[in-house]
Amino acid sequence: MHDIKFIRDNAEAFDNGRRRRNLPPLSESLFALDDARRAAIAALQAAQERRNAASKEIGLAMREKDAARAEALKAEVAKLKEDFPQLEQAEREASAALDKALSEIPNTPLDQVPEGKDEHDNVEVLLWGEPRQFNYPPKEHFDIGEGLKLMDFESAAKLSGARFVVNKGGIARLERALAQFMLDLHTGEHGYTEVAPPLLVRDDAMFGTAQLPKFEEDQFYGLSIKIEPPSASTVSGLADVESDYKLSVSGGVASLDDIIIGLETSDIPIDVKWESSLKVLRNTAELLRASTTSATELLRFIIESEAGIKASRRWLIPTAEVPLTNLVRESILDESQLPLRFTAGTYCFRAEAGAAGRDTRGMIRQHQFYKVELVSITTPEQSLEEHERMTGCAEKVLQLLELPYRKVTLCTGDMGFASQKTYDLEVWLPGQGKYREISSCSVCGDFQARRMNARFRPAEGKATRFVHTLNGSGVAVGRALVAVLENYQEADGSVTVPTVLRPYMGGLERIAAAR
């Protein structure tokens, strides 16, 4: 989140940062929104000040027995009170318009970030390890897994649809071993504190790390809906009757149909008001089928519906970055507490809305995947050094697994929305014959901290400052599994277990086909 005061004081630098991201200048339009906000605030303050002054003048006029002036002042105060709601609404709308605009602007890249349009302009800074030479055509991970009868995409599709997998036996254990190995490494050698966070978070948490509002379509959320009975005054004896429905929503209409079915089949007696509400719901369902109405609009309808439905939304985390970073939201830390370093192994959920046609086979791009995340909270002076350190922690995972990889600095056109600078680690996949991303490590400066209002108090006792936040994959477990299967595959279809993982596999050295 950008600071409008900083933009006013550094308009040229702000617009230049946007240019480097291949975006048009924006400072002038932001100034116009800020001017409108300031004018609305000034108008409201002027009205409040005039009301207070007029109220005092009424008392003075009464003491001087100037009835005409007292009545005129009373009328003026009454008119000012009548205008307050409109003035307050204007101030709210002007502030909201500026906040919305600022919330949708990506972070400004550091000067050291290379300029470019897309991934082709990323800069390689390190190449580690030698790709293994095979005397036969290496297979891709899904052919290996299916050949072992331990990776089942067909059953997953029956259960959940595309972009899911069922891993079994040795491959399931290998995935678990990878996660535990990474967590043990980061907590035992790299000084991170392991956290077991919630997988469902509120809107504020997603906003804090910048998944909302811009990337809503890439997310999944769960909706908890409580259908309340008619009031006791309408139907006696029903005060304790209720029916709960828990749904998952990702922009569709079926959930609304479920609500209608729930209402129609409920044991709750239906009175005239409920019949009317059901009609509204049915009509809305038909409209939704014929439109591109988003899940957000559906949720808004449900919340505002006259059917007595109460709903609450929780987002399925796209990465543990969200709950881990938000651990410091709305708090003031002492400088002595920093840096804070957190790690977590969690399932993550992404709609992959922009991935149509990409990596449709296998485990590279899935709706549900396991990942070990690294998050650091630092002072501004510590953040760049911490970025190098964090990236090194992720690299150590690949080095111990003896997986060839390369490290690249993302260019301005390929870096993430909240990032100031990002390193990607790309692991070698012999089945594909190329390097693929397995970890991104980003420094975000105070961009997320402003959205979360996360600050620290300097040791010198000066005014509080915003913390800096960093996040990185340490690493993506599913993609590490893919890399191990492809790099450690054997000609007979089996897979050798990397030495560092064997203690986590009960000493198993080779994964063979299921019998």
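Me: Ok, where does Val475 lie?
Reply: Val475 lies in strand 17. Strands here are DSSP E runs of at least two residues and helices are H or I runs of at least four, both numbered from the N terminus. Residues are numbered from 1 along each chain as its sequence is written, and side-chain values use heavy atoms, leaving out hydrogens and water. It's a predicted model, where local features need pLDDT of at least 70, side-chain atom pairs count only at pLDDT 80 or more, and totals for chains, interfaces and linings use all residues.

Me: What's the peptide bond from Gly474 to Val475 like, cis or trans?
Reply: That one is cis, with omega near 10°. Leu338 and Pro339 are also joined by a cis peptide bond, with omega about 5°. Pro339 sits in the loop between strand 9 (331-334) and strand 10. For context, most peptide bonds are trans, and most residues other than glycine have a negative phi.

Me: Back to strand 17: how many of its residues are buried?
Reply: Nine of the nine, residues 468-476, so strand 17 is largely enclosed by the rest of the structure. Buried means under 20% relative accessible area, exposed means over 50%, and partly exposed is in between (1.4 Å probe, protein chains only).

Me: How many bridges does strand 17 make with strand 11?
Reply: Seven, in the antiparallel sense, with strand 11 covering residues 368-378. In that pairing, Ile377 has Thr469 as its bridge partner. Strand 14 (residues 434-443) also runs antiparallel to strand 17, joined by three bridges, and Ser442 stands opposite Asn471.

Me: What about strand 4 with strand 10, parallel or antiparallel?
Reply: Parallel, over two bridges, with strand 10 spanning residues 340-349. Glu194 stands opposite Thr343 there.

Me: How confident is the prediction, what's the average pLDDT?
Reply: The average is 86, and 82% of the residues score at least 70. The pLDDT is the predictor's confidence in each residue, from 0 to 100. Over residues 229-254 it falls below 50, though this stretch has 54 contacts beyond near neighbours in sequence. Residues 268-274 are also below 50, with 19 such contacts. A contact means heavy atoms within 4.5 Å. Where pLDDT is low, the predicted coordinates should not be read in detail.

Me: Last one, how many helices and strands in the protein?
Reply: The protein comes to 15 helices and 19 strands. Of its 515 residues, 47% are buried. Among contacts with a separation of 6 or more, 73% come from residues 24 or more positions apart.

Notes:
Two strands pair if DSSP finds at least two bridges between them.
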